[in-house]
Amino acid sequence: MKSSKRAPTRSALVLATAGLVAASAAIAQERIVLRGAELYDNGVVPAYIQVDMSRLPEPQEWKPGDPIKEIPQRKGVPRDYVPPVTEPQPTGPNLLREWQNRMPSLSGGRAFDTPLINQDGNGFTGVNPPDTIGDVGNDYYIQMINGNTRVLILDKTDGTEVANFNLSSLATGSGTGCTSGSGDPIVMFDETVDNGVGQPSGRWFLSEFTGNSFCVYISETADPTAGNWFLYEFASSSGGLPDYPKWGVWPDAYYIGANENGAPPGAGRTVYAFDRENMLQGLPTRPAQVFEVPTLSGFGFQMVQPADWDGVVPPPPGTPGLFFRHRDDEVHGGSAATPGVDPSQDFLEIWEFSVDWDTPANSTFTGPTDIPVQDFESELCGLTAFACVPQPTSGTQLDPLREPVMWRAQYRNFGSYEALVGTWVGDVVGGSADVHGVLWAELRNTGAGWNLYQEGVVSPDNVNRWMSSIAMDGTGNIALGYNVSDATSVFPGLRYIGRLVSDALDTMPRGEFVLVDGSASNNSNRYGDYSSLNVDPVDECTFWFTGEYNTSGSWSTRIGAFRFDACGEPGFALSSPNAVGQVCTASAADDFQPTIDVLSISGFTNPVALSFDPALPAGMTGSFNPNPVVPDNSSVATISVDQTVPNGPYTLTVLGQSPGASDRTVDLGLTVFDDFPGAFNLTAPADGAMNTSRTPLLQWTASSQVQEYLVEVATDAGFGNVVISELVSNNEYQVGAGALNSSTQYFWRVTPGNACGDGAVSAVFDFTTQPEPGDCPIDLFPLTRFSDDMESGINGWTLGAGSLQNTWQQTNANSVSGTTAWNAANLDSQSDQRLVSPPIDLPGAAELPLTLRFWNRQELEDASGACWDAAIVEVSTDAGANWTELSDPRVLFREHDGIVNDFSGGPNPLAGLPAWCGDPRDWEDYVIDLSDFAGETIQLRFRVGTDGTVGGREGWTIDDVRVESCVGEDIFADGFESAPPR
């Protein structure tokens with residue numbers, strides 16, 4: 001691998017800082033691997049939209065006197081919030097700030113110092129904050145803001161308006177909830193999508209959330225004005241608001257980070273992967289995948305920012321989706337006295353989402369990779385305040401937005417290295433002064449992993465700078481846009497600054513320049529929640545920036561475009577879609593034939609000569625066909641490997657050279673095998689293991705010279721019924737949720753393989769999975785004592801006496817199996833709805849445990865930790881004369897959601913009882929212990945209670961009710977009933 005080169009040299013001042021940052025990171029977080037993504041939908045079928053964009057209704061303009069909506073703050077202090085042990089302490093002068101402020105302010109050229117476009121965008125919509133965002137495509141610039149999610153399309157050549165509409169108007173007639181979109185807009189131009197011969201590349205991606213879903217609009221072509229869109233609505237993981245979602249384009253997925261707990265809530269914030277491949281074709285998606293990232297202490301609001309890919313060169317094949325956040329170890333790691341907390345450094349974290357669309361059990365979320373950076377202070381008016389930035393002539397302070405790495409974490413691949421840039425805010429003077437400064441960093445990966453390349457602080461004075469957005473052009477120059485404000489004379493406005501790739505590291509010496517000055521203070525503290533800096537995909541040079549500023553007590557938005565004069569020199573880039581390969585030399589020489597794509601930058605057309613540099617190892621020869629290559633064409637490299645080349649991995653570098661352009665390289669990965677895989681042993685679970693998890697991690701010792709392993713799991717030792725058959729690249733396999741049954745014996749084996757063929761199959765091991773709640777012990781079998789799948793009529797079920805407004809009925813709208821289930825509606829008035837089973841004879845104590853199992857689908861009004869409308873199950877042993885609720889701890893699986901509230905306007909008949917409520921995503925199986933009623937004849941009562949207010953929801957639907965006991969094998973020997981498979 002090539003070594004990282006850093007130039008020019010820093011000053012002694014910053015070298016001292018670098019020495020501190022390079023110190024051992026004792027407080028670095030332990031790296032974790034989350035295995036097996038949760039699937040929370042069954043795939044989404046899009047609605048196809050064809051609309052005349054010119055006929056979309058014009059948005060209604062806000063007028064003084066119209067209502068103003070404050071979007072609720074993001075619940076900044078959760079109930080489990082634990083403040084840090086001590087407040088962060090200043091550590092002396094901010095060396096990066098001092099280094100930056102020693103730089104003279106330089107010109108970026110005429111087109112940078114004076115914007116090419118500088119005009120107002122959409123105006124005030126009556127909603128705080130606007131969440132201003134934009135992106136630029138081949139011919140258009142699109143800005144989006146909150147307030148019925150306004151979409152403004154401009155001709156990018158001169159900024160003239162082409163269209164202006166509300167995003168939800170595109171969803172009219174789609175049959176989705178997207179006609180009621182709620183905001184937090186995202187717009188991206190997915191620039192590399194091939195639209196066919198003669199068609200410009202790229203697609204537009206527009207998104208907003210509803211109260212419990214994401215609405216995603218994908219343009220069918222590169223033209224957003226053509227009116228053809230694919231609309232996808234994805235349910236949120238939690239079933240509730242997917243707050244502050246930030247998206248990133250990646251070759252294998254659209255990735256999201258959100259300020260959202262999953263469902264059931266875990267100890268983290270959600271990250272998503274959506275099926276980009278099928279979405280771009282307008283096809284039904286494969287099930288979306290989600291993980292929960294462990295949270296950091298100290299912050300209430302949290303989100304992990306996904307990397308967003310820019311440029312024509314994709315990440316190397318197989319690169320996982322990247323996520324980015326910052327970590328202040330005094331806040332998130334403990335007090336200054338905590339062992340390992342280093343007052344001279346903090347961290348950036350890189351997390352990796354490796355998505356396997358075919359086998360979600362193989363998907364992983366891994367991290368963090370800790371990148372030490374100079375110490376920064378996250379405390380800005382505390383750690384949870386939503387007001388901190390002062391304004392002139394106003395007591396209202398603005399949201400500091402200290403918690404996330406800001407939109408976007410931009411990614412580029414320059415061939416010889418990958419770059420990732422990000423920005424966030426910190427207190428640059430320490431203590432209680434709370435001077436907001438913009439922090440930024442560039443990370444690079446030259447093949448050995450991500451490392452800090454440079455970092456900096458923009459804070460030339462005590463004016464507050466925050467709500468920043470950063471981007472890098474195709475030459476490697478960087479621009480940074482942000483808001484400014486102070487308590488005396490600087491009203492909320494927009495500025496920008498930049499650096500050329502040749503400038504001194506850790507500095508932004510080009511500027512700062514004013515995009516627009518403010519002239520008034522904002523009336524609301526809800527300022528933000530983001531701005532957007534993007535790069536034109538056509539010239540890879542022009543930056544487009546949008547944010548908010550103030551000329552009155554209500555915000556305005558601004559759009560500007562600028563570029564460095566030093567950018568845009570024509571050139572080329574190299575990429576390979578099949579850069580990784582294997583050969584076998586066990587019996588003869590073998591070839592590796594990767595494709596080398598030569599891509600044009602800024603219309604470059606000079607032929608590019610290809611060679612291997614450094615030269616290929618001894619025993620390898622290589623050629624290219626054709627060579628040279630005119631850009632936007634490809635060559636096939638043929639690398640012949642003879643039997644003298646030792647086995648192992650090799651990195652081969654292809655060099656491209658052409659007059660008038662900088663040299664470019666692309667790395668190829670080749671693994672040489674000279675034998676079949678060697679012997680190895682299975683290790684875990686141990687052979688014959690009992691009480692094994694239903695999601696075990698299968699492990700084995702590594703085989704020599706192995707490319708991949710075939711893992712097989714079966715229910716029989718002869719592998720006649722294989723339930724898992726997967727190829728993996730390392731010596732372990734994580735079994736995903738739902739693949740294995742409980743209380744069941746399984747057999748497994750592994751076969752290694754490489755380019756030469758398969759090695760010897762391992763020995764066969766077996767393990768038995770642990771019982772789930774309510775399962776029979778391992779030596780007993782379940783026997784059904786009552787069962788009704790609801791498919792053959794009423795079957796003795798009755799509407800219970802004493803019911804009030806009883807809506808229980810059989811329905812074909814939803815069922816977990818077959819076509820029929822029972823449903824009671826969630827009414828907007830008082831009701832006590834009762835459904836009673838026929839009598840059920842329970843066996844005696846010899847057949848314990850006894851369990852009730854049923855499938856449930858609920859949509860009942862809940863409250864925070866409690867219920868307004870609710871469902872319970874009761875049991876009677878005296879033909880319905882008396883009833884007992886089956887509550888915790890008898891509920892073995894899917895415990896109750898909370899206590900039913902007593903609403904004075906129309907009390908729920910179930911008030912005070914533990915019950916189920918809320919909106920689970922789909923059908924769930926419930927298990928309740930009936931062992932206390934052994935030997936009795938019982939009836940079950942499924943009961944829904946509602947109060948006198950909110951209704952109109954689906955209510956409670958149940959299906960496939962059964963009661964089981966546990967018996968030995970001897971009962972089946974008499975032909976009583978066949979034993980069910982384990």
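Is Cys567 buried or exposed? In this predicted model, Cys567 has a relative accessibility of 4% and therefore counts as buried. Its disulfide partner is Cys541, with an S to S distance of 2.1 Å, and Cys541 is likewise buried, at 0%. The link of Cys541 and Cys567 is left-handed, with -80° about the S-S bond. Distant parts of the chain are connected by this pair: Cys541 lies in the loop between strands E33 and E34, and Cys567 in the loop between strands E35 and E36, 26 residues apart.

The structure contains six disulfides. One of them is formed by Cys178 and Cys215, whose sulfur atoms are 2.1 Å apart. Cys178 is located in the loop between strands E10 and E11 and Cys215 in strand E13, so parts separated by 37 residues in sequence are tied together. A further disulfide joins Cys867 to Cys917, at 2.2 Å from S to S. Its torsion is about -75°, so this disulfide is left-handed. Because Cys867 belongs to strand E62 and Cys917 to the loop between E67 and E68, the pair ties together parts 50 residues apart in sequence.

Strands E62 and E67 also belong to an open four-stranded sheet with mixed pairing, in the order E61-E62-E66-E67. Strands E61 and E67 form its edges. E61 runs antiparallel to E62 and is joined to it by two bridges, with Ala863 opposite Ala866.

The second largest pocket holds about 1,100 Å³ of space. Among its 43 lining residues, the closest to the centre are Pro316, Pro317, Thr319, Glu418 and Val580. Strand E44 provides the largest share of the lining, six residues. The lining comprises 22 nonpolar, 17 polar and four charged residues.

Note on methods:
Residues numbered from 1 in each chain as written. Predicted model: local features only at pLDDT ≥ 70, side-chain atom pairs only at ≥ 80, totals over all residues. Heavy atoms only, no water. Pairing = 2+ DSSP bridges. 1 Å grid on protein atoms, 1.4 Å probe; cavity = no way out; pocket = protein on both sides within 12 Å on 5 of 7 lines; lining within 4 Å. Points joined across faces, edges and corners; volume = space filled by probe spheres on them. Nonpolar A, V, L, I, M, F, W, Y, C, P; charged D, E, K, R; others polar. Disulfide = S-S within 2.5 Å. Buried < 20%, exposed > 50% of the residue type's maximum accessible area, 1.4 Å probe, protein only.
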